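Please look over the following notes with the model open beside you. They are set out as numbered points, so that each can be checked on its own.

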Amino acid sequence: GRALPTSSQVTSDMSCVQLNTTPVVCRRSVRNTSAIKRAACRHCSIRCESKTIDESCVVVNDRQTSQTSRRSLLGLSAAAIGTTAAPKPSFAALFGGKNNLQAAFEAAMKVQDDPVALEAAWTECIRIAPNNAALYGNRGTVRLGLKRFQEAFEDLEKARDLERAAYGYASGFTMVALGNARGALGDWESALEDFDAAQEDEYPGVKALAMSSTALAKFELKQDTEAVSVAKSVLEEAPDYQDIQAALAGLLWAAGDKKGAQTNSDAIGGNDVLQNFVTIEQDTFGWPPRTIAAVNAYLSESSTGSAIGYDGVSTTYTF
């Protein structure tokens, strides 16, 4: 599958920043409940097989944690990049002034728990390196978390275009985030196309992430039978994927499968844990509104459930 190149695989020119470090551009989850706390990462700027990197790139080691949370792509945590203690002399000029890319990355790392400041930090990085796809992806996901959906869409579309121009394809993580932005703007049909494109990326974890997003998009479009089928397929491939297992409890309840809904709730630790999930997903729009409403319906043992939409308005759904 496709992977980030290691520093030993890359020959960078004077315009590149070379960082021989471990994890990179990492969006850490903010879940505080021990039963559901986790981390997830997306790709950094280098996603190519070439030995030469173009201008405004950042080179990092090929290391990434498993991607098991859709919500981590909705801008709910910071992107960070590691740095070497002593950069090579040939790159010293890049690290010397207050407006260099290195300093801007470090500034972003320091405010990763403050989305407003983080958005401003990524904007500063983009000012310095305006052709860096990862920076637009990072700012786009932060803007999703800030509910600035149109701006998020524009950033993620830019990230996709830059990746395709530089490397011949867009990463699956970028495509899933772009699909989520489209969905937030009401275009779930086009979001499905983004999620399908994401599955072409063979990087570990991308397929399950894209399929889970597909399941929830289909449910939002009232394609309930297909949604349940896709969600079950995700769990066959990634049985520890708790996000989609929690959502599936609501999907099955909406389909009239009360026993199946209870089974999936029990699998993640019971209704109390599921309640924690739905509370966080509503606050962060980690799940689309109809999924949240379906889980709420299951938890209240009702044929109706409510959720706040992307427009801030609460809607009651009947299942």
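**Notes on a predicted model**

1. Helix H13 (residues 289-299) is mostly covered, since 9 of its 11 residues are buried, where buried means under 20% relative accessible area with a 1.4 Å probe, protein chains only. The buried residues of H13 are Pro289, Arg290, Thr291, Ile292, Ala293, Ala294, Val295, Ala297 and Tyr298. Just after H13, Glu301 takes a positive phi of about 50°.

2. The model is predicted, with local features needing pLDDT of at least 70 and side-chain atom pairs counting only at pLDDT 80 or more, while totals for chains, interfaces and linings use all residues. Residues are numbered from 1 along each chain as its sequence is written, and side-chain values use heavy atoms, with hydrogens and water left out.

3. The protein chain has 13 helices and 6 strands, these being DSSP runs numbered from the N terminus (helices H or I, at least four residues; strands E, at least two). Of the 319 residues in the protein chain, 56% are buried. The chain exposes about 13100 Å², of which carbon and sulfur atoms supply 48%, the areas coming from the Shrake-Rupley method with a 1.4 Å probe.

4. The axes of helix H8 (residues 206-220) and helix H9 (residues 224-237) come within 8 Å and cross at roughly 160°, the axes being lines fitted to C-alpha atoms over the stretch in contact, with angles running from 0 to 180 degrees between N-to-C directions. H8 and H9 are therefore roughly antiparallel to each other, a term used for angles over 145 degrees. Their crossing is left-handed, meaning that the near helix is turned anticlockwise from the far one by less than a right angle.

5. The contact of H8 with H9 (heavy atoms within 4.5 Å) includes Met211 and Phe219 of H8 and Val230 and Val234 of H9. Its residues divide into 8 nonpolar, 3 polar and 5 charged, where Ala, Val, Leu, Ile, Met, Phe, Trp, Tyr, Cys and Pro count as nonpolar, Asp, Glu, Lys and Arg as charged, and the others, Gly among them, as polar.

6. H9 also meets helix H10 (residues 242-254), their axes coming within 10 Å and crossing at roughly 150°, which makes H9 roughly antiparallel to H10. H9 passes H10 in a left-handed crossing. Ala227, Val228, Ala231, Lys232, Val234 and Leu235 of H9 make the contact with Ile244, Gln245, Leu248, Leu251 and Leu252 of H10. By class, this contact has 9 nonpolar, 1 polar and 1 charged residues.

Notes
Parallel < 35°, antiparallel > 145°, perpendicular 65-115°, else oblique. Buried < 20%, exposed > 50% of the residue type's maximum accessible area, 1.4 Å probe, protein only.
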